[in-house]
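Hi,

Here is the structure I said I would pass on. Have a look at it first, and then read my notes on the aromatic rings below.

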Amino acid sequence: MSFEVTQGEAFLSAVITRIDARYAPQLAMSGTEFVIQKYDDCILSCDPDRLAECLQNLIENAIKYGDGRRIEISFDKMDGCELITVLNAGCTLEAKELPQIFESFHRGNNARKVPGNGLGLFICKRLMSLMGGEVYADIRDECFCITLVVKMA
């Protein structure tokens with residue numbers, strides 16, 4: 001697979017507005033609570049289209065593998081980076097599977113009845129790396145959390 005990234009700068013608000021516009025209507029119709037926590041706008045060092053693609057992959061996974069109750073995007077700042085976390089309620093992935101979820105074609109035990117090819121998180125990891133960022137996963141209080149670490153400009 002070939003990945004092209006055009007590194008530039010983008011306001012966090014522009015990327016989040018784009019994600020909100022794409023998913024808020026769909027999630028409202030399905031009865032899924034979609035929460036975007038408050039954040040301080042900043043300029044990110046990234047390819048805005050590729051960052052949006054990463055967030056779309058994370059939200060699509062949250063829709064497929066969550067329990068349909070809640071998807072939340074939250075924000076934090078650390079060491080000159082913006083941390084963007086996508087959380088979905090109802091995690092059925094086992095913690096022992098976390099180290100493999102970013103491998104190409106890996107599908108967790110919770111994916112048996114869900115269509116997919118196991119590339120979404122692999123693509124996110126690769127794109128974030130090319131943008132000088134990182135991605136990591138965690139399970140907290142039966143919720144699955146994926147955090148994108150994006151450098152601020």
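K125 lies over the face of F102, 5.3 Å from the ring centre. A charge counts as sitting over a ring if NZ of Lys or CZ of Arg is within 6 Å of the ring centre and within 35 degrees of the ring normal.

Before you go on: this is a predicted model, where local features need pLDDT of at least 70, side-chain atom pairs count only at pLDDT 80 or more, and totals for chains, interfaces and linings use all residues. Residues are numbered from 1 along each chain as its sequence is written, and side-chain values use heavy atoms, with hydrogens and water left out.

Now the ring pairs. There are two aromatic pairs here (rings of Phe, Tyr and Trp, the last by its six-membered ring, with centres within 6.5 Å; planes under 30 degrees apart are stacked, over 60 edge-to-face, the rest tilted). F3 and F122 have ring centres 6.3 Å apart and planes at 65°, so this pair is edge-to-face. It links distant parts of the chain, 119 residues apart: F3 comes in the segment before β1 (8-11), and F122 is in helix α3 (residues 120-130). Helices (H or I, at least four residues) and strands (E, at least two) are DSSP runs, numbered from the N terminus.

F3 is buried at 18% relative accessibility, while F122, at 24%, is partly exposed. Buried means under 20% relative accessible area, exposed over 50%, and partly exposed in between (1.4 Å probe, protein chains only).

Y39 and F75 make a tilted pair, 4.6 Å centre to centre with 45° between the planes. Y39 is partly exposed at 27%, and F75 is buried at 15%.

Cheers
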